[in-house]
Structures are given as structure tokens and as C-alpha cells.
Amino acid sequence: MDIIFGRNKKEQLEPVRANVTGKIPRWLQGTLLRNGPGMHTVGESKYNHWFDGLALLHSFSIRDGEVYYRSKYLRSDTYNANIEANRIVVSEFGTMAYPDPCKNIFAKAFSYLSHTIPDFTDNCLINIMKCGEDFYATTETNYIRKINPQTLETLEKVDYRKYVAVNLATAHPHYDEAGNVLNVGTSIVDKGKTKYVIFKIPAVVPEAKRKGKSPLKHMEVFCSIPSRSLLSPSYYHSFGLTENYIVFLEQPFKLDILKMATAYMRGVSWASCMTFHREDKTYIHIIDQRTRKPVPTMFYTDPMVVFHHVNAYEKDGCILFDVIAYEDSSLYQLFYLANLNQDFEENSRLTSVPTLRRFAIPLHVDKNAEVGSNLIKVASTRATALKEKDDQVYCQPELLCEGLELPRINYANNGKPYRYIYAAGVQWSPIPTKILKYDLLTKSSLKWGEESCWPAEPLFVPAPDAQDEDDGIILSAIVSTNPQKPPFLLILDAKSFTELARASIAVDMHLDLHGLFIPNADWDTRNQDSDHHAVPQA
Ligand SMILES: CC1=C(/C=C/C(C)=C/C=C/C(C)=C/C=O)C(C)(C)CCC1
Ligand SMILES: [Fe+2]
């Protein structure tokens with residue numbers, strides 16, 4: 001597995017034409033832009049964790065049945081500092097780095113102190129965000145990096161803290177129909193309070209206010225939720241959105257701020273400051289978008305760890321939301337590079353398999369309902385919400401399916417009733433061996449897999465004349481451990497899950513994390529089909 005995880009990948013700066021077999025639909029015109037870690041050693045120094053690797057952007061430009069591939073390292077300040085020093089000098093999730101090893105004792109002590117409130121990395125390796133006309137590489141710190149989606153060049157560094165008080169923010173924002181961005185961040189011990197901040201970035205700025213400013217300058221706090229604890233806010237990786245509500249899980253997988261403040265001095269990583277408290281509950285916060293206030297009822301469920309929300313929607317007085325959940329936080333443990341070696345089949349066994357769980361949250365809690373009664377009256381789910389004393393509600397999910405991660409949907413259905421989930425299929429290890437389509441109605445799935453192939457997150461792109469939710473195609477970048485088989489972009493028909501085409505590229509391709517598809521606007525206007533792709537397939 002060293003081929004996939006350990007080895008530094010080479011950039012492919014010049015676009016290279018892929019060898020296409022099969023037939024790419026004529027309407028599929030645009031660029032698949034993806035992000036993920038590509039470099040895990042700098043000089044003699046090595047990162048400890050796969051999520052530490054330096055961000056390598058790659059793109060597949062699809063035009064008239066042809067595919068062109070290119071890749072480029074994000075020239076973050078982190079990348080530049082590391083390359084210049086020829087060693088790792090910026091700390092990442094699983095690796096604490098020491099910039100000045102030769103300083104005298106006084107300078108060293110000063111450097112430790114200045115790390116009490118750390119300046120986090122801008123190695124934005126997780127996802128790509130669209131904001132107005134601009135694209136940004138994202139991670140979970142306060143930094144995002146603007147990029148040129150055509151050339152993959154790195155542009156400005158943006159510090160969210162300049163606009164809203166957040167030290168951390170998710171790499172998984174949501175978009176409304178107009179393309180406005182909603183995201184959640186954590187504000188740590190600011191003015192004596194720790195809170196989760198939901199913030200909005202408008203897609204367009206009114207002409208009068210514009211003055212050449214980017215929409216980021218018009219970012220605003222939408223709502224804040226106080227953290228249950230000042231010094232141990234929850235860690236979260238994504239959130240859910242319905243037409244009128246936001247779903248935020250305050251889970252018992254927490255950051256210990258005091259541990260973080262001394263991590264640099266103690267020589268341990270940020271990852272070691274995260275703890276799963278299996279004795280705690282998971283609190284479900286529901287925010288009403290119309291009042292911009294959290295719903296006052298306290299909804300909770302058993303301890304769990306969620307990285308990816310799938311979708312959420314309102315139905316018959318309830319919010320139904322689907323997540324991929326684990327029993328513990330061992331997933332992040334498995335991505336230490338020491339585990340992803342030859343013996344990875346042994347070392348990276350999941351202790352808790354990812355399960356698709358559906359929760360149901362009643363929007364109106366009858367104060368007179370009997371304690372112990374189930375407040376969910378929706379026939380389509382077995383999820384329950386039991387009334388407890390003091391107006392608390394205990395929610396138990398319906399278990400839908402096992403062994404899936406990196407979920408995607410037809411984003412036109414985000415926040416709305418939906419039927420299909422596209423995801424990476426994982427079995428005994430967190431590394432995907434298949435991609436699958438799960439049908440929430442029939443509770444059955446279709447799968448794609450091939451010997452020695454390791455697929456990435458499958459992304460759905462709707463067809464221009466789509467009638468059904470699954471009228472479209474699936475794109476997934478596949479790397480292979482067979483030296484005879486070059487990596488390829490797989491194009492499946494989303495309805496039947498059969499292969500339409502593959503574009504093989506004889507390059508050094510990395511296993512990526514997340515990304516988006518940018519439809520080719522020229523082609524859309526040429527075909528009078530502009531509305532279908534107004535929002536990226538985020
Ligand atoms: C640097 C840094 C962080 C980075 C977290 C990262 C990089 C997480 C990546 C998660 C992924 C890729 C999950 C996939 O499902 C924290 C812990 C937020 C806080 C401290 C500083
Ligand atoms: Fe993610």
C-alpha cells in the first residue's frame with residue numbers, strides 16, 4: 001500500500017490526454033476538480049498521518065468525449081516553508097513540527113509560548129469550495145486558499161478570522177439554490193466563550209457594495225450555538241441542511257483545548273488532543289433558518305462519531321437526517337502511515353464499521369405527550385424519538401446499511417426528499433475497494449469494483465435533460481496497485497451503475513478525498529441548457 005499512501009506523487013503540470021475506452025456522453029463537458037494529500041515526506045522528515053500530506057490538486061477536463069488530466073501541489077505557505085527548509089516545519093493533524101531547531105533556549109521558550117494559541121496550517125488538502133465565481137481549497141483550520149480551477153495555480157490565502165471569529169471550520173460547506181455558502185466553525189475561548197458559529201458567504205455581492213470585493217468580505221454570522229464545554233468543544237467534519245433547518249451534531253468526539261495549548265511543548269500532535277468520550281451523549285442541535293435560532297428542545301442520542309452527513313429533509317412535521325456513523329473514533333487512528341504499509345490488511349482493520357443511520361426529529365414536541373411515547377409518526381422510518389422528562393427527547397436511529405463512506409447525492413436534492421446515495425464501499429478496512437449506489441426506498445444496492453482498483457469518492461453529475469433523481473453519471477478517480485494498470489477516471493451510468501467509459505492516464509495519480517464538478521458554461525449556453533448546472537455538484 002506504500003504505492004498508494006507513502007510515496008510522494010509527482011505533479012503533472014502539462015495537461016496530458018487520457019486514453020478513453022467506451023463512450024463519454026456528449027453532454028458531459030466540464031472539469032472534475034479534486035483535492036487530497038500527495039506528499040508525505042519532505043527531505044528526511046516524514047509525516048505521521050495520511051491527513052497530514054501536502055495538498056495535491058488534480059483535474060480532469062472533459063470536452064467532446066476527450067479527457068485531459070493535470071495535477072499541481074497547492075503552493076500554500078506551508079508547502080513553500082517546508083520545501084524551502086527541505087523538511088517539515090509546519091504542524092499538521094498528526095505531526096507536530098518544530099520550525100527552529102537551532103535556536104537558543106530563550107528563543108525556544110518564546111517559540112513554545114507563541115504556540116499556545118497556534119497559527120494553524122494552510123495546507124488545504126480536504127475539499128474544494130465554490131464561492132461566487134471563485135474556487136477555494138479547504139481544510140479544517142481557519143485558512144482557505146483560492147485557486148485557479150483551470151491552471152490549478154494557488155492564489156490568495158484567506159483567513160476566516162478576518163471576517164468571523166472561527167479558529168476551525170469544516171471543509172464541507174453547503175450551498176443553497178442561489179449558490180450562497182453556509183458553513184460551521186468553532187470559536188475557541190473567544191471573550192470567555194466557546195461556540196459553534198454558523199456563517200454564510202453570499203454568492204454575489206450587490207453592485208453598490210461590491211467595489212471589486214470578493215464575496216468573502218461579506219461573510220456574516222448566521223447563528224451561534226454555545227459549546228457545552230468551554231475547554232472541550234466537539235470535533236465535527238460536516239453538518240446537515242434541510243429547506244428550513246440546519247442539523248448540527250455536538251458529538252462526544254472532542255478537542256481538548258488545554259492539551260492543545262501544551263501540545264507543542266509536549267511534542268505531541270493535534271490528533272493526540274482529540275478524545276472520544278464513550279460515556280457522553282451526542283446532542284442534536286436543530287437551527288431554524290427563519291429565526292436563526294436553535295430549536296429549544298434538547299434532542300440527544302447515544303455516543304457516536306460522524307464524519308459525513310449524507311442528507312436531511314423535512315417530512316410530516318419531522319426532520320429526517322442520514323449520517324454515516326461509527327461506534328468510536330478509531331477511523332482516524334487507522335490512517336497513521338505506519339499502519340498503511342505492507343501489513344495494512346492486519347493493521348487497518350476497522351473496529352467499528354461505518355453504518356448509514358437515519359434519525360427522525362419531531363419539529364413540534366407536544367408538552368403533554370406521555371413520557372416514553374414515540375413522537376415520530378412518519379410511516380417510512382423505524383427511527384424513534386422518545387419523549388423524556390424535562391422536555392428532553394431521546395432519538396434512536398434506524399440502521400439502514402453497513403460498509404459505506406464518502407457519501408454523495410444528487411445535490412439538487414440536498415435538503416429535500418431523496419432516494420439514492422452514492423458512496424465508497426468499505427469492508428474490513430477504511431480504504432474503499434468498491435463504489436456503490438444505495439437505494440433508500442428498496443434498501444438495496446448496486447456495486448462497481450475491479451481487481452487491484454482503489455476508488456475515490458463517487459461524484460454524481462446530473463444529465464441536462466434529467467427526469468429522475470439518478471439521471472446522470474458517476475465520476476470516480478481510480479488508482480491501482482497493479483503496475484500494468486494505469487489509473488483512470490471511471491464514468492458510470494448512475495441509473496444502471498454500468499461502465500460507460502474509462503479514461504486511463506499513465507501518470508502518478510494520488511488517492512484523493514473530495515472535490516466538485518465544474519460544468520462547462522460555454523457548452524451549456526451553446527446548448528441552451530444553463531439552469532441545470534447553476535450550482536456546483538458539491
Ligand atoms: C490541522 C488541524 C486539524 C486538522 C484536521 C484534519 C486535516 C482533518 C482531516 C479529516 C479528514 C480528511 C477526514 C475524512 O473523512 C484539527 C484537528 C481540525 C484541529 C487542529 C489543527
Ligand atoms: Fe470529508
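Visitor: Which geometry class describes the site of the iron ion (ligand 2)?

Guide: In general, ideal angles at a metal are 109.5 degrees for four tetrahedral donors. In this predicted model, the 4 donor atoms of the iron ion (ligand 2) form angles of 93 to 151°. The tetrahedral class requires all angles to lie between 85 and 135 degrees, and the site is irregular.

Visitor: Which residues coordinate the iron ion (ligand 2)?

Guide: The donors are the NE2 atoms of His 172, His 237, His 308 and His 514, at 2.1 Å. Along the chain, their spacing reads H-x64-H-x70-H-x205-H. Distant parts of the chain are linked by the pair His 237 and His 514, which are 277 residues apart. His 237 lies in the loop between β17 (220–226) and β18 (240–241), whereas His 514 belongs to strand β40 (residues 514–519).

Visitor: Are His 237 and His 514 buried or exposed?

Guide: Both His 237 and His 514 are buried.

Visitor: How many residues surround ligand 1?

Guide: The shell holds 17 residues, the closest being Phe 51, His 237, Trp 270, His 308 and Tyr 332. Ligand 1 taken alone exposes 550 Å², of which the protein buries 97%. The shell comprises 11 nonpolar, 5 polar and 1 charged residues.

Note on methods:
Residues numbered from 1 in each chain as written. Chains lettered and ligands numbered in written order. Predicted model: local features only at pLDDT ≥ 70, side-chain atom pairs only at ≥ 80, totals over all residues. Heavy atoms only, no water. Near = heavy atom within 4 Å. Areas by Shrake-Rupley, 256 points an atom, 1.4 Å probe, with all protein chains shown as cover. Nonpolar A, V, L, I, M, F, W, Y, C, P; charged D, E, K, R; others polar. Donors = N, O, S within 2.8 Å, 3.2 Å for Na, K, Ca; no water. Tetrahedral: all angles 85-135°; square planar, octahedral: opposite > 155°, others 65-115°. Helix = DSSP H or I, 4+ residues; strand = E, 2+ residues; numbered from the N terminus. Buried < 20%, exposed > 50% of the residue type's maximum accessible area, 1.4 Å probe, protein only.
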